[in-house]
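Welcome! Here is a friendly tour of how side chains meet inside a protein model. Have a look at it first, then read on.

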Amino acid sequence: MQKEMAYSFPDEVLKHVFSFIQSDKDRNAVSLVCKSWYEIERWCRRKVFIGNCYAVSPRMVIRRFPEVRSIELKGKPHFADFNLVPDGWGGYVLQWIAEMAGAYPWLGEIRLKRMVVTDESLELIAKSFKNFKVLVLFSCEGFSTDGLAAIAASCKNLRELDLRESEVDDLSGHWLAQFPETCTSLVSLNISCLGSDEVSFSALERLVDRCPNLRSLQLNRAVTLDKIANILRRAPQLVDFGTGNYAAELQPDVFSNLAGAFSSCKELKSLSGFWDVVPAYLPALYSICPRLTSLNLSYATIQSPDLIKLVSHCPRLQRLLVLDYVEDSGLEELASSCKDLQELRVFPSDPFGVEPNVSLTEQGLVAVSLGCPKLQSVLYFCRRMSNAALVTIAQNCPNLTRFRLCIIEPKTPDYLTLDPLDAGFGAIVEHCKDLRRLSLSGLLTDHVFEYIGTYGKKLEMLSVAFAGDSDLGLHHVLSGCESLRKLEIRDCPFGDKALLANAAKLETMRSLWMSSCAVSFGACKLLGQKMPKLNVEVIDETEPPDSRPESYPVDKLYIYKSVAGPRFDMPPFVWSMDEAVKILH
Amino acid sequence: MVFEKDLNLDATELRLGLPGSSKESLRISNKRALPDMNDDSGVAAAKKCDQETAPPTKAQVVGWPPIRSYRKNSLQTKKTEAETSGMYVKVSMDGAPYLRKIDLKVYKGYPELFKALEDMFKFKVGKYSEREGYNGSEFVPTYEDKDGDWMLAGDVPWEMFINACKRLRIVRGSEARGLGCVV
């Protein structure tokens with residue numbers, strides 16, 4: 001019967017059907033139906049997403065999917081963003097590029113996040129892929145403008161070059177001039193991360209001029225306000241624009257030129273940049289504010305009254321990133337003006353100050369939760385919180401999918417009752433049934449983890465710091481959160497018991513990070529021995545873990561599932577607990 | 001609180017049961033249950049203990065609050081003393097698939113710097129002679145100066161070097177011949 005079915009559809013038909021299936025999950029499911037579907041599917045898979053570059057080797061990917069056109073890779077663990085992963089840990093892309101250069105001559109898209117990308121890698125990309133269209137380097141490092149020059153010069157049909165949040169060795173602004181005169185294909189260019197050195201502005205202007213399809217452009221801080229009008233007039237079709245500096249002495253002609261340039265951009269929906277803002281220039285935006293759906297003012301050191309004025313002109317706003325200068329009053333205005341708001345991120349203007357420098361409290365977030373029924377995604381830095389506020393927020397916003405709260409002082413209790421914030425976060429996970437991502441802060445006992453384990457059934461990513469009392473906390477999470485993929489923990493009293501009791505769970509997750517916890521070296525070794533499908537890496541920059549008793553806790557621990565076995569590019573301060581790898585250096 | 005005593009290798013066998021289901025009592029307290037460091041020998045242990053039991057109120061805990069460096073940097077209107085006095089350069093070594101960053105101001109001279117590099121990358125810098133440069137070693141430290149030229153490290157006075165050095169690269173001895181040197 002199965003044989004008949006297999007022959008009843010020619011391969012071409014199946015291939016055509018499969019071409020409508022884009023999601024990885026669905027593609028994976030298709031490949032499991034039967035051997036012939038597996039074969040057909042693997043030959044026509046064009047896009048591969050690898051959430052952990054060490055989970056699989058380039059060779060394995062190439063062997064299974066011989067005709068890939070687009071690849072996405074992620075390298076370092078998320079806590080690398082906060083300097084918890086030492087320099088040199090890994091995440092090198094070179095070997096991937098080298099192997100793909102031979103195997104995928106038609107590779108057109110490379111998207112990387114938190115990887116180390118050298119100029120050599122960029123030069124190899126420029127040389128190897130004749131049809132290269134998209135390069136996204138998100139939070140990457142290790143390369144300079146020399147590498148970018150190679151990309152610009154060689155990639156004749158480049159559509160996207162996006163360097164967001166990457167660290168680039170800015171050697172010279174002339175790389176932009178390497179784009180040949182024949183390059184007219186750019187759709188998206190994000191150079192906002194480039195340092196303060198001059199970018200060759202005339203080259204940029206000419207580039208923008210000859211790329212009629214340019215939809216998204218993010219300039220860097222070096223570009224001054226007076227130059228914005230020139231750029232905008234050359235690209236009135238822009239949908240997404242990042243200014244550079246937004247400061248200048250107020251001059252009427254500069255202002256009116258700028259206002260005119262903005263108003264000519266009828267499709268502009270998203271704005272960012274705004275370093276060093278002079279508030280007097282904000283009204284130049286008023287003509288486009290009614291259309292704005294996304295506004296990133298997270299670098300704009302402007303005060304609440306100016307923010308309120310701006311935001312009140314943007315009734316269609318769906319996404320707002322802002323500094324805590326917005327204050328509770330600004331958020332109350334946001335709540336009444338922007339009923340479509342889906343995402344709010346409030347960053348601290350003075351993260352290391354002990355005393356609050358602004359009047360931003362839990363009240364602001366409560367107001368937004370009340371006024372913005374579509375709120376889905378929250379990142380909020382503040383200095384005080386209460387269980388009552390969290391319960392209110394949870395009840396007002398049952399559709400939250402991402403909730404990240406950072407109370408700046410670790411272990412801060414409910415400021416009204418001095419209780420732990422267990423009940424508040426408990427309410428969040430209980431009411432927000434679609435919650436996928438959660439970051440905790442404040443004073444928390446094992447109870448909060450009990451709530452999370454009980455209710456957080458859709459939770460995929462959990463970040464924990466300075467919380468919990470014992471292994472029971474970790475056990476609740478590992479045994480209860482069915483959808484958990486990424487767990488990152490720092491400075492919590494979680495030790496061996498919960499980890500070992502839930503070892504099998506780790507094979508169903510992408511990764512676990514634990515630093516400054518209480519997991520012993522002995523337990524790490526045991527995990528490495530017993531769980532061959534896991535890579536267990538111990539990180540210690542001070543001395544080898546085996547120079548101390550086995551019961552001694554390790555400094556940092558990173559565990560991830562892998563079919564590639566232990567990696568070969570570990571620096572001296574990373575030890576693999578795989579039995580096959582020598583522990584002594 | 002000696003957490004160590006609760007834990008021995010037998011207890012770390014993989015089990016499917018709940019922690020605490022085998023008559024061991026779980027301690028519930030608000031204290032972080034780290035081993036009592038003072039029982040162990042080793043300076044590193046004591047250092048770690050000091051860092052972690054110090055109240056986090058004033059001290060800046062690494063990576064907390066969780067804000068990316070570029071955000072922190074863009075907020076600073078005036079540089080802190082630490083930033084103005086640090087001279088960070090990247091260090092790479094041929095064949096080693098990782099980069100390190102070091103602060104040149106931390107070292108008092110070439111011997112200290114080279115020792116640090118040797119420890120970091122596990123190699124030995126050979127003996128240096130003015131005429132022949134480095135002899136008898138596989139790897140040689142070089143640096144890129146402000147003009148973009150690659151020079152042998154060790155030629156110029158230390159103060160001049162740290163002001164001129166933009167980045168360091170440890171190359172194979174064979175490649176170091178012909179590199180610019182100030183004579």
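Is Arg169(B) buried, partly exposed or exposed? With a relative accessible area of 28%, Arg169(B) is partly exposed (buried means under 20% relative accessible area, exposed over 50%, partly exposed in between, using a 1.4 Å probe and protein chains only). This is a predicted model, where local features need pLDDT of at least 70 and side-chain atom pairs count only at pLDDT 80 or more, while totals for chains, interfaces and linings use all residues. Residues are numbered from 1 along each chain as its sequence is written, chains are lettered from A in the order in which they are written, and side-chain values use heavy atoms, without hydrogens and water.

**Salt bridges**
- Arg169(B) pairs with Asp94(B) in a salt bridge, their closest N and O atoms being 3.2 Å apart (a side-chain nitrogen of Lys or Arg within 4 Å of a carboxyl oxygen of Asp or Glu).
- The two partners are 75 residues apart, and Asp94(B) counts as buried at 16% relative accessibility.
- In chain A, Glu343(A) and Arg319(A) form a salt bridge at 3.1 Å, N to O.
- Glu343(A) is buried at 12%, whereas Arg319(A) is partly exposed at 31%.

**Aromatic rings**
- Tyr558(A) and Tyr560(A) are both buried.
- One aromatic cluster holds Tyr54(A), Phe79(A), Phe82(A), Trp89(A), Trp513(A), Tyr558(A) and Tyr560(A) (rings of Phe, Tyr and Trp, the last by its six-membered ring, pair if their centres lie within 6.5 Å; planes under 30 degrees apart count as stacked, over 60 as edge-to-face and the rest as tilted).

Note on methods:
Helix = DSSP H or I, 4+ residues; strand = E, 2+ residues; numbered from the N terminus.
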